[in-house]
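Visitor: I am new to this structure and would like to learn how to read it. Could you show it to me and take me through a few features?

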Amino acid sequence: MSFKTLIERIAAEPSVRGNVLVSASQSCSYALLPEALSTIEAFLSKRIDRGVILDARCGNSVAGALLLLALLAENRSFILGKAGEKDQQDEQAFPGPRLDVSSSTCDLLRPESFLRITDSRHDNLSLINETNARLYMRTSGSLGTAKLAVHRHDRFVDNVLACVERFTLSRTDRVAVTVPISHMYGFGAAFLPSVVAGASIDLQEKANILRFLERDQLFSPNVVFLTPAFCRMLLRHRKSARDYYLTISAGDVLPDEVFVDYDQRFGPLVSLYGSTELGAIAAAHANMPKDLRRRTVGVPMTGVRVEIRPLPGQVREEGDIGALFVKHSSGFIGYADRAGKILDENPLDGGFFATGDVASLDGDGMLEIHGRYDHCVNRDGRLVVLSEVETLIAGLEWVDQAVVVAGGSSWRGEKLEAYCVLQRGCDRGAKELKIACAERLPRYAVPDVFHTVDSLPYLDSGKVDRHRLKSLSGEER
Amino acid sequence: MLRSAKARPLTFDAIIQELKRILVEEMDVNLKLEEIDEKVPLLDDGLALDSILLVEFIACIETNFNLVFEDADLRVSSFDDLTTLARLIETKLSS
């Protein structure tokens with residue numbers, strides 16, 4: 001079934017017509033949805049050929065959501081992007097038409113009031129026909145050029161339907177989406193499944209504790225999509241009791257103490273596990289016993305097969321942890337360059353995708369995620385490659401060497417500590433290191449703590465003894 | 001902690017100065033004291049405190065001023081800028 005059919009059907013249901021999509025200053029009922037989407041398509045059709053890939057940039061606004069629904073419904077291919085996000089370098093910019101959406105008050109039936117089109121700078125653009133319509137998503141990969149994961153619309157719809165089923169979303173639900181709909185989690189696991197289910201949806205732009213508490217009073221959600229960091233924020237500062245029907249957390253591993261506290265104070269909490277490449281891979285169910293919901297991310301979604309393979313150098317036995325590989329019937333079809341051209345590289349190994357995570361499967365098929373095995377950490381839901389942070393710090397002219405280790409936890413995820421050997425005679429210190437990193441790195445990639453040392457400890461192999469550094473800081477992973 | 005139960009109440013200006021000090025010295029904000037305007041927005045445009053810095057800021061305020069923000073205090077409008085925030089803190093300290 002296509003997105004167009006799904007949206008038309010749900011919008012026509014009498015019991016859904018009064019449900020709404022809302023954001024800070026915009027609102028649209030399901031009754032108005034078909035008209036809103038067709039006016040957007042009429043607006044685009046006059047200006048952009050149907051086969052041209054679009055660069056769609058929006059925040060968590062109703063106008064942005066309507067644009068994305070219109071692009072899906074009309075089988076237009078597009079790159080999903082965040083409003084206001086600058087491309088790091090001009091060479092990385094997509095060379096096609098760009099659509100920017102305003103989140104201010106506007107007339108949702110007049111696309112010209114909220115949609116700005118920046119024409120393409122190049123004539124030689126790939127044209128994609130409607131039957132092969134694609135959705136391109138920037139991967140959360142580290143600080144360098146993000147790759148585009150390419151999804152086919154007709155397969156992506158199954159990914160969405162699997163989430164509706166797993167979370168038992170329905171038209172009686174009121175769903176708060178605190179995560180950006182410009183990424184796979186917010187778009188593919190939270191927003192689209194909620195639309196397909198006919199739920200009322202509150203899209204929270206730049207969600208923080210203040211906005212969440214205010215919106216919570218106004219909208220009164222019974223389902224919330226958030227991150228482990230957001231769970232912590234609510235636990236730390238929210239004083240009032242609240243009993244949500246369901247809270248879904250994704251983006252990072254949920255620490256045990258956070259799960260136990262949140263589940264007790266705010267109602268059932270489940271973890272969702274997925275990636276930009278594959279969409280939703282596994283999710284716990286609200287009806288699962290608390291201990292299973294705490295420890296695992298549930299069973300794989302419909303159409304997903306997982307394999308636990310030995311880590312490098314590991315002799316693995318049944319039930320042991322190992323490297324997680326996933327085969328997904330509605331996952332991506334490959335990576336693309338910035339122009340949308342599919343790259344030749346085959347990202348799959350026998351149809352399986354290497355997630356980079358360490359996991360285990362119990363006898364009931366429950367998946368437990370134990371962390372990464374590739375010197376990456378998750379911070380603010382984004383992947384940080386430690387070596388890239390090290391290279392940047394070591395690149396400062398007054399720094400001789402730099403090593404970054406992860407261990408313990410911080411508000412942003414795993415705690416990062418940088419150990420730096422400065423150039424002889426340098427009179428700068430940890431404070432200057434922090435400032436220099438803040439000026440050059442996104443916030444989530446800036447180490448939490450900086451140490452200046454006379455020298456780094458080494459192993460006999462000549463590699464830096466990272467374990468020793470971690471023990472110096474008093475933190476063990 | 002800024003005051004004991006027997007100390008004189010903080011002046012409005014002292015609250016503002018303490019808020020600036022917290023931002024510069026205790027948080028991840030890359031600014032100097034004299035660079036912070038008490039009217040600059042704390043969220044979005046302005047200091048652009050993200051959700052994590054915001055909770056750190058709230059926690060630091062509670063610790064340093066020895067107060068607790070109730071849910072009703074945690075309004076976007078109360079955290080518009082340092083001036084509105086200082087008014088909230090002043091009200092809570094005097095109650």
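**Reading the two chains**

Guide: Chain B holds three helices and zero strands, where helices (H or I, at least four residues) and strands (E, at least two) are DSSP runs numbered from the N terminus. The model is predicted, so local features need pLDDT of at least 70 and side-chain atom pairs pLDDT 80 or more, while totals for chains, interfaces and linings use all residues. Residues are numbered from 1 along each chain as its sequence is written, chains are lettered from A and ligands numbered from 1 in the order written, and side-chain values use heavy atoms, without hydrogens and water.

Visitor: In what order do the elements of chain B run?

Guide: From the N terminus on, the order is α-α-α. Chain B has a radius of gyration (taken over C-alpha atoms) of 13 Å, close to the 12 Å of the globule rule (2.2 Å times the number of residues to the power 0.38) for 95 residues, so chain B is as compact as a globular protein of that length.

Visitor: What share of the residues of chain B count as buried?

Guide: Buried means under 20% relative accessible area, with a 1.4 Å probe and protein chains only; in chain B, 44% of the 95 residues count as buried.

Visitor: Which strands are the edge strands in chain A?

Guide: Two strands pair if DSSP finds at least two bridges between them. In chain A, nine strands form an open sheet of mixed pairing, in the order 2-1-10-9-11-12-13-14-15, and its edge strands, strand 2 (27-29) and strand 15 (299-300), each pair on one side only.

Terms used:
Buried means under 20% relative accessible area, exposed over 50%, partly exposed in between (1.4 Å probe, protein chains only).
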